[in-house]
Amino acid sequence: MWHAASRGWRKWDRLILPALQPVSDLLIRNAGIIDGYSGLYMATGTGEPALTIAKIVGAGGRVVGVDLSPDMLEVARERIASQEIENVTFQLNDDDNLPAFPDDSFDAAVCRFGLMFMPNPVAVLRGIRRILKPGRKASASVWGPP
């Protein structure tokens, strides 16, 4: 399903993303993301709001965007190359427990409209809690159940 969707996102990204920006801005604000932070963006798809977060955290920060679709990540990598942003990496990760990341390794985690598609959202939320540094925040939005 996401392979087919990636073609549409590549084509319509410029029209869809501005409509989603207010949600992204709210998620970023709620997660308390500031200059120098390390951020995880779950279900990154084509890379937004990971790219917006990268601009906020600046050269001293880093952003990792994860997604289960290699095709969506290909679009994200194209976008990052075109914007010459160097503090973002994208990686394939379809494990609900986020085992690739050590405990307490991120200052913030964000998930925009992805949690409801995950096979085990509770496990994902536990994984996010595990990888967040103590006292840091996660912020997620959904539009409804799967």
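1. Asp107 is buried, since its relative accessible area is 4%; buried means under 20% relative accessible area, exposed means over 50%, and partly exposed lies in between (1.4 Å probe, protein chains only). The side chain of Asp107 meets that of Lys133 in a salt bridge, N to O 3.3 Å, and that of Arg136 in another, N to O 3.1 Å. A salt bridge here is a side-chain nitrogen of Lys or Arg within 4 Å of a carboxyl oxygen of Asp or Glu.

2. The model is a predicted one, in which local features need pLDDT of at least 70 and side-chain atom pairs count only at pLDDT 80 or more, while totals for chains, interfaces and linings use all residues. Residues are numbered from 1 along each chain as its sequence is written, and side-chain values use heavy atoms, with hydrogens and water left out.

3. Where do the partners of Asp107 lie? Asp107 belongs to strand β4 and Lys133 to strand β5, so their pair ties together parts that are 26 residues apart in sequence. Lys133 is partly exposed, with a relative accessible area of 30%. Arg136 also lies in strand β5, 29 residues from Asp107, and is partly exposed at 36% relative accessibility. Helices (H or I, at least four residues) and strands (E, at least two) are DSSP runs, numbered from the N terminus.

4. The count of salt bridges comes to three. One of them joins Asp103 and Arg130, whose closest N and O atoms are 2.7 Å apart. Asp103 sits in the loop between β3 and β4 and Arg130 in helix α4, 27 residues apart. Asp103 is partly exposed at 48% relative accessible area, and Arg130 is partly exposed at 26%.

5. Helix α2 (residues 50-57) has six of its eight residues buried, so the rest of the structure largely encloses it. The buried residues are Ala50, Leu51, Thr52, Ile53, Ala54 and Val57. Just after α2, Gly58 takes a positive phi of about 70°.

6. Which residues touch the most other members of the largest nonpolar core? Of its 20 residues, they are Ile33, Ile53, Val63, Val88, Phe90 and Val110. A nonpolar core is a set of buried Ala, Val, Leu, Ile, Met, Phe, Trp, Tyr and Cys residues joined through side-chain atoms within 4.5 Å. Helix α2 gives the most to this core, with five residues. Leaving aside neighbours within four places in sequence, Ile53 is in contact (heavy atoms within 4.5 Å) with Ile28, Ile33, Val63 and Val110.

7. The structure holds three aromatic pairs. Rings of Phe, Tyr and Trp (its six-membered ring) pair if their centres lie within 6.5 Å; planes under 30 degrees apart count as stacked, over 60 as edge-to-face and the rest as tilted. Phe101 and Phe106 form an edge-to-face pair, 5.2 Å centre to centre with 80° between the planes, and both Phe101 and Phe106 are buried. The ring centres of Phe117 and Trp143 are 5.7 Å apart and their planes stand at 75°, so this pair is edge-to-face as well. Phe117 is partly exposed, with a relative accessible area of 38%, whereas Trp143 is exposed at 58%. Ring pairs link Phe113, Phe117 and Trp143 into a cluster.

8. Asn93 lies in the loop between β3 and β4 and is buried, with a relative accessible area of 13%. Leaving aside neighbours within four places in sequence, its contacts are Val66, Asp67, Leu68, Leu98, Ala100 and Phe101.
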